Amino acid sequence: MDRRGRIRAYGGAVALMLVGVICGFAVPGLVGDIIRLTLLTVGFGAVILAVFYEIGMSEEKALAREQNEREQRQPKHEEPDERSSWTRPPRRPG
């Protein structure tokens, strides 16, 4: 994820939490509490998902880098096109 995407993801989640806190104080009673808890929970969940996404993407990049290095280290090996003349065909069972 690029820098702009990170700012949007984390900023949107934090903005959602701030709206939840403001609504919790602006709307009195049980309805305000429900709105506040819902928006805070969704905001925290979005932050956690974004963190896990970042961790997963960094692991994917590391695995791709390792695979690329492994492929570069191995020598190129070409398979022969046809079988050798000295090998026998497989035997029939029985």
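Val19 sits in helix H1, where helices (H or I, at least four residues) and strands (E, at least two) are DSSP runs numbered from the N terminus. The model is a predicted one, so local features need pLDDT of at least 70 and side-chain atom pairs count only at pLDDT 80 or more, while totals for chains, interfaces and linings use all residues. Residues are numbered from 1 along each chain as its sequence is written, and side-chain values use heavy atoms, with hydrogens and water left out.

As for the overall fold, the chain has two helices and zero strands. Its radius of gyration, taken over C-alpha atoms, is 29 Å, well over the 12 Å that the globule rule gives for 94 residues, so the chain is more spread out than a compact globule. That rule is 2.2 Å times the number of residues to the power 0.38. Along its principal axes, the C-alpha trace spans about 90 × 40 × 15 Å.

The chain exposes about 8600 Å², and carbon and sulfur atoms supply 61% of that; the areas come from the Shrake-Rupley method with a 1.4 Å probe, and for residues only the protein chains shown count as cover.

Now for H1 itself. This helix has 24 residues and reaches 34 Å from its first C-alpha to its last, close to the 34 Å expected at 1.5 Å a residue; the expected span is 1.5 Å times one less than the number of residues. Gly5, Ala13, Met17, Gly20 and Gly24 are buried in H1, and H2 is included in what covers them, with contact meaning heavy atoms within 4.5 Å. Val19, by comparison, is partly exposed at 41% relative accessibility. From Val19 to Ile35 it is 16 residues in sequence and 9.4 Å in space, C-alpha to C-alpha. Arg8 also lies in H1 and is exposed, with a relative accessible area of 62%. Arg8 and Arg65 are 57 residues apart in sequence and 28 Å apart in space, C-alpha to C-alpha.

Helix H2 takes up residues 29–73, and its 45 residues should span 66 Å at 1.5 Å a residue; the end C-alpha atoms are 67 Å apart, which agrees. Its buried residues are Gly32, Leu39, Leu40, Gly43, Ala50 and Glu54, and they pack against helix H1 (3–26).

Note on methods:
Buried < 20%, exposed > 50% of the residue type's maximum accessible area, 1.4 Å probe, protein only.
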